[in-house]
Structure formats: C-alpha cells, structure tokens
Amino acid sequence: MRVVSEPNAEEAARAAAGSPWGLAWRRLRRNRVALAFLGLFILIVAFSLAAPLWADNVAHSGPNDTHTLEKLQVDGEKREVVNPSGRPIGAQWLEADGKFFLGADGRLGRDEMVRLMYGGRTSLLIGFGSALITTVIATLLALLSGYYRGWTDTVISRALDVVWAFPVVLLGISLGLTLAVGGLDIGPLHLSSSSIWIPILIIGGVMVPYMARPLRGEVLSLREKEFVEAAEAQGAGAMRVMFGELLPNLASTIIIFFTLGIANNMLLESTLSFLGVGVQPPGTSWGTMVGSGFDLIASAPQLSLIPGVMILLTVLSVNVFGDGLRDALDPRSKLRLEAHTGIAEPEGTAV
Amino acid sequence: MGRFVIRRLGGMVAVLFAVSVLTFLIFNVVPSSDPAVRMAGKNANPRLVQSITEEWGFDDPLPQQYLTMMEKIFTGDVISYEGRENVVERIVEGIPATFSLCIGAAVIWMFFGILFGYLSAVRAGGLLDRALTVVAVAGISMPVFLLGAIFLSYLTYKTEVFPSGGYVEFTESPLEWAEHLILPWVTLATIYVGFYSRVLRSSMLDVMNEDYVRTARAKGLGERRVMTRHVMRNSLIPIITIFGLDFGALIGGAILIEGIFSLNGIGQYTYESLKNFDLPPVMAVVMFGAFFVVLFNALVDIAYAWLDPRIRLGTEAR
C-alpha cells in the first residue's frame with residue numbers, strides 16, 4: 001500500500017492536466033454542442049423516470065388503464081374519450097387538469113402521455129441493457145480471440161461471420177417472432193414470451209459481431225506492443241495480460257462503442273417493436289406506440305408522430321454526444337483531419 | 001483469378017450452410033415451445049398442430065428435420081398457416097415491387113450521398129459542411145417509420161400530393177409506377193444518405209493527404225480536376241464496399257417501407273406475416289434474404305478482385 005503524503009492539491013492538478021482522462025474531459029467540456037445534447041438526453045431520461053409521478057398525481061391513470069366509455073368534464077362541457085366512430089380524443093393539454101394531456105391512444109382510450117412516459121422507460125432500458133450486453137460479450141470475445149489467436153480466434157471469428165452474414169433486421173425479427181410466440185427456456189433461464197428480457201437479449205446478441213470485430217482488430221495490434229511483452233516477461237499470465245494490460249488500453253474505444261451502441265440498439269428496438277416482434281403487450285415502448293398508432297395515421301397522425309419524434313430526439317442526442325466523446329477520447333481523428341485540410345474544425349462543433 | 005473465384009465460392013457455400021443451420025435453429029430449436037404450435041399461430045387447434053407436426057416431421061431427429069425444412073423451402077412447398085397460401089409463389093410475385101423499391105432508393109441515396117459527401121469534404125469546416133453534417137446526423141438518427149409517418153400524414157392524407165400506397169406495374173404505366181414509388185424511395189434513401197456522405201467525407205479527407213494528390217497539385221492541375229480525378233476516385237472504394245453490403249441487406253428496410261406504404265412486395269408480405277405471427281413465410285423470407293446477402297457479397301468480392309489485383313494476389317486479412 002502506498003501512502004500518499006505529497007501535497008495533494010499539486011498532485012491532483014498535475015494528474016488532471018497530464019492524465020489522458022483529464023485531457024479528454026477538458027476536451028469534452030469545451031464541446032458545447034455535445035454537452036447540450038447530453039443535457040437533452042438527461043432531460044429525456046428524467047421525463048421517463050417521472051412516469052409514475054405523472055400517472056399518479058396528474059393523469060390519475062396507469063399506462064394500461066382503458067377509458068373507452070368515459071367522459072371528461074372540461075369547462076362544463078362533456079367530451080368523450082373515444083367517440084362512437086372510434087376516434088380518440090385529441091390533446092387536452094392542461095384543460096382537463098392534465099388528464100389526457102396528449103389525448104387518448106385509440107379505441108381503448110388509454111392516456112397517451114402516461115404511455116409515452118412509461119414507453120420511454122422501456123425503450124431506454126432496452127437501449128442501455130442491450131448495449132451493456134453487447135459491450136460485455138464483444139469485449140470478452142475480442143480479448144479472447146485477439147489474445148490467444150490460433151484456433152480460438154478462428155472459432156470465434158467464424159461464428160461472428162455467420163451472424164454477420166445475416167442482415168440485422170432479419171435476424172432480429174426471426175428471433176423476435178419465434179421468442180414472442182414461444183418464450184425462451186434454456187437451462188436455468190426461463191423467460192415468458194412477453195418478458196422485456198427477450199428484446200434486450202436479442203438486440204444485445206445480434207449486435208455483438210459489429211462491436212467484436214473492430215475490437216478484435218484493436219486487440220490484435222495492441223498485443224504486439226512492448227507493454228504486453230514487458231508484462232509477459234514479468235511473468236504475467238493470460239488473465240493478467242487480458243484484463244490488466246489490454247483491457248485498460250481498450251477502455252476509450254469501449255466507452256465510445258457503448259455510447260453509440262445505445263443509439264443503434266434503440267433504433268433496432270423501435271424497428272422490431274414497430275413490426276410487432278419487439279416489446280410485447282402489456283409492455284409499451286415508443287416503437288410499439290408508433291406501430292399501434294399507425295392504424296390511425298390518417299385521422300390521428302400525432303399518435304405515431306409523437307413517440308417517433310421521441311425516438312429521434314433520444315437517438316440523435318446519444319449520437320451527437322457519442323461523436324463528441326469520440327473527439328475527446330480519440331483526438332487523433334481530429335488531428336488527422338486538421339493535418340489534411342489545413343483547416344482546424346471550429347471549436348464547439350460536435351462532429 | 002480463377003483460384004480466387006473458386007476459393008471465394010467455396011467459402012460462400014460454407015457460409016450458406018451455416019446460415020441455413022442458424023435459421024433452422026432459430027425457428028425450430030431455440031424457442032422452448034412445440035414448433036408446430038408456434039407455426040399454427042393464432043388458429044391453433046390440436047388437429048392442425050398434429051398435421052403440422054407430421055408435415056414438417058417435428059418428431060424426427062434434428063438433422064432429418066433440417067433436411068425436411070430445406071427441401072420444403074427450396075421446392076416451393078411451404079404453406080402459410082394464416083392464409084393457406086403457397087409462400088414461395090407469393091414471394092416470387094413480390095419481386096418486381098421490391099426490386100423497384102430497392103433499386104430506385106439505391107440510385108437516390110448513392111447520388112445524394114456522394115454529392116453531399118463531396119461538397120462537405122471540399123468545404124470541410126465551412127458553413128455548408130456544418131449544415132450537411134447536421135442533416136447527416138439527423139438522417140442517421142431517424143427511425144424509418146417516423147419519416148414514413150410524416151410523409152404519409154402530410155403528403156398523402158392531408159394534402160393528397162402523392163397517392164396512398166399500392167404498387168403499379170411499370171409495364172402498366174411508368175408514370176404511375178414512379179408516382180407511387182417516390183415517397184417509399186425517398187424514405188428508404190434518406191436513412192442511408194447521411195451515413196454515406198459522412199463516410200465519403202472522411203475518406204476524401206484521408207485521400208487528400210496522399211502524396212499523389214500533392215503531386216497532382218504540384219504539377220499544376222486545377223483544384224476541380226484534382227478533386228474529381230484524383231481524390232474522388234480513390235475515396236469511392238469504401239463507399240462501394242458498404243454499398244455492396246447495404247444493398248444486399250436492403251430487404252430489412254424493405255419490410256418496413258413496404259409495410260408502411262402498402263407496396264405489395266416481399267417486404268409487405270413479411271410485414272403482414274409478422275403481424276399475424278405466421279411463421280413459414282417469415283422463415284422462407286429470412287432464408288432467401290440471407291442467401292441473397294451471402295451471394296451478393298461473394299459477387300462483390302469477386303468484382304473487387306477483378307478490379308484490384310492486390311486483393312487476389314496479396315495476403316488476405318483472414
């Protein structure tokens with residue numbers, strides 16, 4: 001154990017200025033566009049997390065409560081939630097004290113605003129969860145095949161090739177369709193067909209090759225570096241080299257991939273849910289909301305447009321922030337650009 | 001060259017086999033319930049389940065089941081359980097609409113992707129570059145169905161500028177054919193334009209620093225000529241590579257677009273089958289789609305080797 005007895009402030013300042021993470025943080029802090037979009041993303045997350053508050057205190061309705069035959073009392077006038085021809089009520093804003101803020105969602109007369117907030121939770125959870133799964137599996141596979149090479153690498157790379165040969169959407173809908181009908185039952189793992197884990201696992205798994213391949217390439221080149229040789233000369237075993245030496249050097253790439261993976265995976269989730277093979281009822285995600293709203297696209301387009309715009313904003317904010325993160329963590333790409341054109345990119349541009 | 005082709009085709013056959021086994025596993029083995037029950041879908045009754053089990057041989061050992069499935073798909077003997085139609089016939093009927101959609105969209109996205117990429121590389125850092133960057137990032141983040149919903153609700157239902165869906169044969173009326181396809185083309189193309197322009201931009205910025213570009217400038221060539229003849233040519237290589245991959249995989253996008261615009265092609269058929277949880281059509285489309293992708297990629301690789309001797313002679317990466 002090393003005892004820190006130096007004057008702390010000075011050391012901390014030196015560390016902040018000198019360490020790559022400190023440098024990256026300062027570069028990121030200068031990138032106002034990326035930070036603004038990070039702010040937007042945080043707002044969206046807060047919006048979704050506030051779902052129960054809004055549902056209990058303002059709308060007084062859960063995401064799956066139906067109000068088909070109810071009437072709203074607005075300014076002494078009665079408004080039907082769903083009129084006899086099946087058309088849902090439009091946005092009430094605050095006229096009905098926050099009930100049906102964005103109107104009702106269709107024949108079932110559910111509160112669109114409440115569903116939007118709960119749907120955001122599902123979409124974000126799947127985006128985060130699946131990106132985490134993709135990142136963990138892809139990193140492990142990349143470390144194994146890049147470190148051991150030989151037949152380990154051959155087996156892993158071939159398996160990834162087969163998954164790669166499948167178009168992502170086709171693979172996603174095949175798994176989504178069969179598991180939505182049958183559920184999953186492998187060993188100790190029992191998942192019912194409407195479990196939210198099914199889309200998380202499908203999307204997390206389908207995306208693995210797209211992250212594992214570039215990571216493997218990076219491990220292969222890192223493995224030739226002197227610090228690996230030095231560690232091995234000191235007697236470091238496979239685990240030590242993989243997780244103690246190689247992994248920290250992959251960290252910035254992994255962080256970038258994870259961030260951009262959230263955006264990508266959320267888009268795939270919305271596609272699968274839109275097609276009816278992602279999140280299953282009674283669960284709601286923004287993708288399922290667009291899908292069910294599509295039946296009323298001619299008369300009530302807002303039902304598909306609003307959740308669609310939420311997906312766009314979320315994915316956009318993650319993408320722009322992820323690009324800023326890449327510029328901050330991997331400034332070589334930026335330096336290269338400056339060297340080539342003689343033009344420095346104006347400060348503050350995100351991408 | 002001949003040896004390269006043979007090796008590449010050999011690899012292709014191996015991948016085709018692996019892909020078909022994977023499809024088989026996904027549809028028949030991985031999910032826990034009885035595949036016959038899943039296949040019977042919403043109208044499941046014991047008699048139907050029994051007959052499906054016999055028809056597809058779900059009681060047989062797995063290798064036998066795999067052979068049965070492959071035989072049924074490739075002899076065109078697959079029946080959907082929702083509409084009791086011949087699946088392969090429906091897929092063949094859908095080919096013209098789907099190809100019209102994919103080829104038209106590809107032309108649009110290549111044209112605008114290259115144009116935007118070129119403009120933002122030439123003016124890197126400038127106002128135009130930044131504006132195009134915003135457009136590109138928005139395009140990359142855009143869910144296809146949102147764009148489709150916007151077009152449908154504003155240009156079809158509200159203002160009636162474009163007809164609402166449907167597919168008209170080219171031979172019937174080329175004008176109506178195009179009119180019905182414009183919105184689907186634009187929607188499908190938009191999601192690719194942003195990505196392609198970004199790739200071209202960064203690859204052009206890379207190439208601009210090459211020695212031969214400096215040489216071209218040094219010998220007094222005009223800027224425009226340097227850009228088009230020296231920089232563009234070599235920058236297009238990554239674009240063509242990803243185009244090969246994306247075009248093959250376009251069936252995924254076609255499912256969404258055709259479903260949204262009722263184009264009556266393979267995509268819409270898949271879309272409806274998904275909504276009905278009708279397995280056999282989806283299984284067949286996935287199998288044909290994956291085969292098409294693998295075949296297409298092999299052809300692209302062979303075309304490359306033909307264009308660039310370094311690929312067929314040099315040490316391959318794998």
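**Helix packing and the chain interface in a predicted model**

Helix 10 of chain B and helix 13 of chain B are roughly antiparallel to each other, because angles over 145 degrees count as roughly antiparallel. The structure is a predicted model, in which local features need pLDDT of at least 70 and side-chain atom pairs count only at pLDDT 80 or more, whereas totals for chains, interfaces and linings use all residues. Residues are numbered from 1 along each chain as its sequence is written, and chains are lettered from A in the order in which they are written.

The axes of helix 10 (residues 223-248) and helix 13 (residues 279-307) of chain B come within 8 Å and cross at roughly 160 degrees, the axes being lines fitted to C-alpha atoms over the stretch in contact, with angles running from 0 to 180 degrees between N-to-C directions. The crossing of helix 10 and helix 13 of chain B is right-handed (the near helix is turned clockwise from the far one by less than a right angle). B:Gly244, B:Leu245, B:Phe247 and B:Gly248 of helix 10 meet B:Phe292, B:Val293, B:Phe296, B:Asn297 and B:Val300 of helix 13, where contact requires C-beta atoms, placed from the backbone, to lie within 7 Å.

Chain B as a whole has 14 helices and 0 strands, helices being DSSP runs (H or I) of at least four residues and strands (E) of at least two, numbered from the N terminus. The C-alpha atoms of chain B fill a box of roughly 80 × 60 × 40 Å along the principal axes.

Chain A contributes 51 residues and chain B 49 residues to the contact between them, and helix 7 of chain A gives the most to its side, with 11 residues.

Conventions: Contact = placed C-beta atoms within 7 Å. Parallel < 35°, antiparallel > 145°, perpendicular 65-115°, else oblique.
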